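Subject: Structure handover

Hello,

Please read them alongside the model.

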Amino acid sequence: MEDNFTEILEHAQSEFKKQNYKQAEELYTKFISSCLQYRDCKASNLATAYNNRGQIKYFRVDFHEAVEDYTSAIKVDSGFETPFYNRGLIHYRLGFFDDAKSDFQQALKMNPDFEDAKVSLQQTLLDQQHKINRGY
């Protein structure tokens, strides 16, 4: 049965790469639902599906739903650094600097060479300090 799920995931990823986000989101949702119903998927695949569906939601500025998907990805595979980074970006954009800092630090703990997370953490710390200096 896992082979059928893998085909759905591969098709979703193909559509994602082609920027056919509506189709990709539907396929990721189908994959996630099937995994949860039959419990016959690798955790890493389920986490990837949540993370990528979160990206689609991020692109259309559905931040709350994207955060939910990134958090689900983290719950499924707590060793997957990308959803920590992605969730951190949203926290940063919303001005939740402590949450962003925590997510970027967690991503870097798992992958110290994650350059985007390093840059984002540095920017978060700078912006947080500017906010404090302005008295907010």
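In which helix do lysine 118 and glutamate 115 lie, and how many residues apart are they? Both are in helix H7 (residues 115–133), three residues apart, about one turn of the helix. Helices here are DSSP runs of H or I with at least four residues, strands are runs of E with at least two, and both are numbered from the N terminus.

On provenance: this is a predicted model, in which local features need pLDDT of at least 70 and side-chain atom pairs count only at pLDDT 80 or more, while totals for chains, interfaces and linings use all residues. Residues are numbered from 1 along each chain as its sequence is written, and side-chain values use heavy atoms, with hydrogens and water left out.

Salt bridges

The structure holds nine salt bridges (a side-chain nitrogen of Lys or Arg within 4 Å of a carboxyl oxygen of Asp or Glu). One of them joins the side chains of lysine 118 and glutamate 115, at 3.1 Å from N to O. Lysine 118 is partly exposed at 28% relative accessibility, and glutamate 115 is partly exposed at 46%. (Buried means under 20% relative accessible area, exposed over 50%, and partly exposed in between, with a 1.4 Å probe and protein chains only.)

Salt bridges with shared partners link Arg53, Lys57, Glu65 and Asp69 into one network. Within it, glutamate 65 meets lysine 57 at 3.8 Å, N to O. Lysine 57 is buried, at 8%, whereas glutamate 65 is partly exposed, at 36%.

Aspartate 103 pairs with arginine 87, their closest N and O atoms being 2.7 Å apart. Aspartate 103 is buried at 4% relative accessibility, and arginine 87 is buried at 15%.

Helix packing

Helix H2 (residues 21–38) packs against helix H3 (residues 43–59) at an angle of about 145 degrees, with the axes 9 Å apart. Axes are lines fitted to C-alpha atoms, for helices over the stretch in contact, and angles run from 0 to 180 degrees between N-to-C directions. The contact (heavy atoms within 4.5 Å) includes Tyr28, Phe31 and Ile32 from H2, and Leu46, Tyr50 and Lys57 from H3. By class, twelve residues in this contact are nonpolar, three polar and three charged. Nonpolar covers Ala, Val, Leu, Ile, Met, Phe, Trp, Tyr, Cys and Pro; charged covers Asp, Glu, Lys and Arg; the others, Gly among them, are polar.

Regards
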